[in-house]
Amino acid sequence: MLQHFASSSCLSQLAAAVCVGALNQQQIFHRGLMTYMQTPGVSKEHRVTLIPGDGIGPEVTNAVVQVVDTLKAPIRWDRFDGLSGALPDGMPRLEVPSEILQSIRQNKVCLKGTLFTPLSKKNTSTQSLNVQLRKDLDLTINLVHGFSLPGIPLRHRDLDIVVIRENLEGEYSGLEHEVVDGVVESLKVITEARSLATAEYAFEFAYLNNRRRVTAVHKANIMKKGDGMFLKACKEVAQRYPNIEYTEMIVDNTCMQLVSRPNQFDVMVTPNLYGNLVANVVAALSPAHTWHHPVRSCAG
């Protein structure tokens, strides 16, 4: 599944530039030491599930569709234009329709716009359709890649930051109840299994992509058991990768460091909520060039 944070105008400009040759091959592709060995028939037509969603979702996904059409990529869309995070009466939709889940499982690729999560005094449900979709598909890991491109002015140059976020638990577990009137208890669930799966994915990603550093983002100074378990998992996995530098940083300091000295970061691995915050900062630092990939981990 893939979501794109870029503006539609930027995507259209990129498609036009590619088609008229304004960006030459050397600017777009860098030849590495690996050789891609394609599977026979890999260039045949592929079906991709398309969920335009709510808000800016239709505009952004439509821009991606235009790019695909302009490049004449062999993609056929399975469109679900009617899916919204809210029902006609304004209440949240509680389930993803089975035909959409079946389409995603069959196609294995989905382009999705955001789905609106209605909130009011009568509805404070944290189980948005976005979260429900992740759980239905067991999308354990969320990967966000923010980077700068030559010739496009940004506040900071040479940005290349990857945020790898646990995607299913933590504050997004959705376990809340009102103990007595005016007192709400919200459970933050962190498990060793998912923490290890997230850490293993982050370090394996860093190793395979020739990354030099992994930074674990946490608040273990306050949440010593929950975030402490996440850090323990990261430290355990880090020992298997002696050639990758491992560092830790408290989440509030991380946000400050991101806006002041972002080039110090390479790969960041985070629990669920902190990853959402950090990834949005990365998206703001490189607004036209941020890719968001929820993925299913094979670990555990």
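Keep in mind that the model is predicted. The chain has 300 residues, and 44% of them are buried. Its secondary structure comes to nine helices and twelve strands. If you take the contacts with a separation of 6 or more, 76% of them are between residues 24 or more positions apart. As for the surface, the chain exposes about 17,100 Å², and 56% of that comes from carbon and sulfur atoms.

Now to helix α7, which covers residues 226–238. With 13 residues, α7 spans 19 Å from its first C-alpha to its last, close to the 18 Å expected at 1.5 Å a residue. Which residues of α7 are buried? They are D227, F230, L231, A233, C234, V237 and A238. These residues cover an arc of only 155 degrees around the axis, so they sit on the same side of α7. The cover over them includes strands β8, β9, β10 and β11, along with helices α6, at 192–208, and α9.

Next is helix α8, residues 251–260. Its buried residues are V251, T254, Q257 and L258. Looking down the axis of α8, you find them within an arc of 115 degrees, which means they line one face of the helix. What do the buried residues of α8 pack against? On the strand side there are β6 (160–166), β9 (213–218), β10 (245–250) and β11 (267–270), and there is also a helix, α9 (272–285).

Strand β7 takes in residues 170–180 and strand β8 residues 183–189. The two run antiparallel and are joined by six bridges. Two residues lie between the strands, and G182 in the turn has a positive phi of about 85 degrees.

Last, the cysteines. A disulfide is a covalent bond between the sulfur atoms of two cysteines. How many disulfides does a search of the whole structure find? The count is zero. Are C110 and C234 buried or exposed? C110 is buried, at a relative accessible area of 1%. C234, which belongs to the buried set of α7, is buried at 0%.

How values were computed:
Residues numbered from 1 in each chain as written. Predicted model: local features only at pLDDT ≥ 70, side-chain atom pairs only at ≥ 80, totals over all residues. Heavy atoms only, no water. Buried < 20%, exposed > 50% of the residue type's maximum accessible area, 1.4 Å probe, protein only. Helix = DSSP H or I, 4+ residues; strand = E, 2+ residues; numbered from the N terminus. Arc of directions from axis to C-beta. Contact = heavy atoms within 4.5 Å. Pairing = 2+ DSSP bridges. Disulfide = S-S within 2.5 Å. Expected span 1.5 Å × (residues − 1). Areas by Shrake-Rupley, 256 points an atom, 1.4 Å probe, with all protein chains shown as cover.
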